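Dear colleague,

Please find the structure below, together with its sequence. My notes on it follow, and I would be grateful if you read them beside the model.

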Amino acid sequence: MNNVQYRFAKPEDAELLAPLNALLIRDEGHRNQMTVPQLAERMAGWLRGAGYEAVLFEDAGMVKGYALYRRETEHVYLRQLFVRPEFRRCGIGREAIGWLWRNAWQGVPRLRIEVLIGNKDAQAFWQSVGFTDYCVTMEMEPPTE
């Protein structure tokens with residue numbers, strides 16, 4: 001069992017969350033090119049008034065991960081869940097999902113996520129905690145002629 005403590009983030013925590021968000025973007029292969037300062041500004045805005053909430057996962061004063069989510073009409077949209085690479089496969093992500101259901105998402109009928117199609121490790125994790133496929137979002141860029 002992990003000794004992880006959970007706490008709800010404040011806008012002031014954006015500076016702490018931004019480098020983790022940058023690692024998440026890199027790990028998942030996302031095409032987002034924002035810098036850490038830009039990510040901090042965006043995160044602070046989300047936590048100030050865009051309807052997002054975040055929870056930090058901490059152990060012995062070190063942030064091991066976080067979750068960022070928004071309550072919507074029929075579900076909670078979990079935009080980001082991140083565990084530092086050196087702490088993965090230790091049950092932290094699974095425990096965090098359980099804690100969030102018990103402490104932040106009571107009475108919510110469902111949780112929705114988006115996973116990049118090439119991020120096979122994330123897909124395997126989400127399926128292992130009970131997610132099932134619901135839809136596929138597709139996109140196309142303009143043809144070059």
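**Two helices in contact**

In α1, the residues A14, E15, L17, A18, P19, N21, A22 and I25 meet V36, L39, A40, R42, M43, A44 and L47 of α2. Contact here means heavy atoms within 4.5 Å. Sorted by class, the contact of α1 with α2 has twelve nonpolar, one polar and two charged residues. In this scheme Ala, Val, Leu, Ile, Met, Phe, Trp, Tyr, Cys and Pro count as nonpolar, Asp, Glu, Lys and Arg as charged, and the others, Gly among them, as polar.

This is a predicted model, in which local features need pLDDT of at least 70 and side-chain atom pairs count only at pLDDT 80 or more, while totals for chains, interfaces and linings use all residues. Residues are numbered from 1 along each chain as its sequence is written, and side-chain values use heavy atoms, with hydrogens and water left out.

Helix α1 covers residues 14-28 and helix α2 residues 36-49; they pack at an angle of about 115 degrees, with their axes 8 Å apart. Helices (H or I, at least four residues) and strands (E, at least two) are DSSP runs, numbered from the N terminus. The axes are lines fitted to C-alpha atoms, for helices over the stretch in contact, and angles run from 0 to 180 degrees between N-to-C directions.

**Residues in loops**

Most residues other than glycine have a negative phi. Where is A60 found? It is in the loop between β2 (52-59) and β3 (62-71), and its phi is positive, near 55 degrees. A60 counts as exposed because its relative accessibility is 80% (buried means under 20% relative accessible area, exposed over 50%, partly exposed in between, with a 1.4 Å probe and protein chains only).

R89 lies in the loop between β4 (76-83) and α3 (92-103). R89 is not a glycine, yet has a positive phi of about 65 degrees; its relative accessible area is 81%, so R89 is exposed.

N119 belongs to the loop between β5 (111-112) and α4 (120-128). With a relative accessible area of 14%, N119 is buried. N119 and D27 are 92 residues apart in sequence and 8.4 Å apart in space, C-alpha to C-alpha.

**Cysteines**

The structure holds zero disulfides, a disulfide being a pair of cysteine sulfur atoms within 2.5 Å. C90 is partly exposed at 43% relative accessibility, and C135 is exposed at 58%.

Yours sincerely
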